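Have the viewer open as you read.

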Amino acid sequence: MFLQAKVPNVSENNPLLQPYDLPPFSAIRPEHVQPAIEQILADNRAGIQKILADQGQKPTWAGLVLAMDELNDRLGAAWSPVSHLNAVCNSAELREAYEACLPALSAYSTEMGQNRELFQAFEALAHSPQVADFDQAQKTILEHSLRDFRLSGIDLPPAEQKRYAEVQSKLSELGSKFSNQLLDATQAWTKHITDEAALAGLTESAKAQMAAAAQAKGLDGWLISLEFPSYFPVMTYAEDRALREEVYAAYCTRASDQGPNAGKFDNGPVMEEILDLRQELARLLGFASFAELSLATKMAETPDQVLTFLRDLAKRSKPFAVRDLQQLQAYAAEQGCPELKSWDSGFFGEKLREQRYSVSQEALRVYFPIDKVLGGLFAIVQKLYGIEIAEIKGFDTWHPDVRLFEIKENGQHIGRFFFDLYARANEGGGAWMDGARDRRRTAAGTLQNPVANLVCNFTPAVAGKPALLTHDEVTTLFHEFGHGLHHMLTEIEHAGVSGINGVAWDAVELPSQFMENWCWEPEGLALISGHYETGEALPKDLLDKMLAAKNFQSGLMMVRQLEFSLFDFELHATHGDGRSVLQVLEGVRDEVSVMRPPAYNRFPNSFAHIFAGGYAAGYYSYKWAEVLSADAFSRFEEEGVFNPQTGKAFRQAILARGGSLAPMELFKDFRGREPSIDALLRHSGLTEDAAA
């Protein structure tokens, strides 16, 4: 629903330059973007000069920090909806407008980070007597600000500062190029099926989705694409092994030098350039590697600490992964597949799960219609945190499927969030939450409440049925909503550490992974499940089977995630040692993997988390935070999963305080001690007792 109609005299009537409550999505056109951003950057530069002139040698919190927050908020209010639209309804015109702004935004950010007068003003405030009266959040903001000035090259000589700016600008451009080429490569491949026999084994819901995709293109039959709601059913259910291999090969060679679109949209050179520039950036700032630079703002303290953590987890998990693979290979051989390949593991894994536990994702799907799941999710957080959530109708949106909700507590408005639940063309893959607006106390003294965007890419409703989620999708929904709660239930009123702002990246997954636990609790499942036709609750025998199957092949899943984490960290810790990206990956696979993909697999070329997202030398954060979340949830296991006092304690210690205190301090405040890995291993079935 991205409107392309031209409007006259853009600068006079530009929605991105007008104040708004919620973004005017339908009014935003590509031609609005660059004029608005250029105008705001010019205004901000003038505003900063005025702040520095007014503050002199004795800056105040209101005169410096709050005044800067106002400038940052105006820029965010214009750029956030543009960035969001570029992710959820990408078009050639919008992409061009978006990318045209990246160099200017990068230059502005670097310029602010290297503004010596601004640095000196923050330094003067941090060392002034006023600090004695500041709260913890204010002190943390000043500490983070001075750290970030140094990480922006404030101490570098002019020539090196200039190079730093060039590198940052180029990295911004390359990250966007990586994601664009991945999106284009994903959409460049489809397979048109006219004989339904080729789709033997696929579920009716998957075939209905493929038929709808074909119809949308004016085709008869069915259309398989590389979007996840199409790719996943083929890999899980298609009996035609050749079809699985063809779809697998197209998927794992996207944006690479291999596969059906070899050389088209190839991210290989982009990755090399990104890695070179990141390494140069680290060296400029005095770090041995980008991995070391990455940890300057994280909970983990040294590269050795991260690698030791990952390798210890791999050592504990690998025997279980070997056992999982042997069982899968033996089962596949019984079924007439003596040599298990990458395009077989999902198919035979699902068959073995069904044989062993008499339960399948598809059998569960009918019990998770979207509205029942959402209603149950909201009921769970209401029990835990005492909040109410209600849907809002009649709002401006970027697509008719998008929904808007409001959070209240004791009748008072706390925040709002958009839910964009379904996959469609021109939308980035995966699921994510981003903060559309931060909670903060404005310079005028009013409280600005937070707004979040939550995007999920689920299979949409087809054939007259509501959207029905697999249990995996339910878990994804809870995960992203956990991020949303972290953003929206903050009680901090200072933008720099409100919600997810200022939270160490390797702790930011704690609230999201924590929420996933309720998808496995019988009391939680009773609230989120109900047959889409009858409303019947998930039957006890099916529930018991699902819980019994929870850790099916969890060893294989654990080593897969550890492969990604070690690859990312090793890549950024050792870049420049003469090894290629693929050689680093092969080295990690030698160490932790139990099943090797084919030589043509080019997984790194689509690893957007580390090349186009914020997870460079930080993908380990998922496992690091999973230790925290499992251990945090173990207190609920001890005290009652819906104990409102435990919920209140978690909210106050973790969700309410944002980035105002070091994550370890917040965790210890909630748990009374430092985290232990034991709960994660137990929850994952990776102990001898659990595996028995």
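Predicted model: local features only at pLDDT ≥ 70, side-chain atom pairs only at ≥ 80, totals over all residues.

Now pick out Phe478. Setting aside neighbours within four places in sequence, Phe478 is in contact with Val373, Leu377, Ile380, Ser512, Met515, Glu516, Trp518, Cys519 and Ile528. Zoom out and you'll find that Phe478 belongs to the largest nonpolar core, a set of 140 residues. Phe478 is among the residues with the most contacts inside that core, along with Tyr385, Phe417, Phe419, Phe481, Trp518 and Phe567. Which helix gives the most to this core? That's α12, residues 303-334, with twelve residues. There is also a second, separate core of 57 residues, and Met68, Met112, Phe418 and Ala436 are among its members. As a general point, nonpolar side chains in soluble globular proteins tend to be buried together.

Next, have a look at strand β5, which runs over residues 412-422. Nine of its eleven residues are buried, so the strand is largely enclosed by the rest of the structure. What does β5 pair with? Strand β4 (residues 403-409) pairs with β5 in the antiparallel sense, over seven bridges, and Ile407 stands opposite Gly415 in β5. The hairpin of β4 and β5 has two residues between the strands, and Asn410 takes a positive phi near 50° there. Strand β9 (residues 451-458) also pairs with β5, this time in the parallel sense over six bridges. In that pairing, Tyr422 stands opposite Phe458 of β9.

Definitions and conventions:
Residues numbered from 1 in each chain as written. Heavy atoms only, no water. Buried < 20%, exposed > 50% of the residue type's maximum accessible area, 1.4 Å probe, protein only. Helix = DSSP H or I, 4+ residues; strand = E, 2+ residues; numbered from the N terminus. Pairing = 2+ DSSP bridges. Core = buried A, V, L, I, M, F, W, Y, C linked by side-chain atoms within 4.5 Å. Contact = heavy atoms within 4.5 Å.
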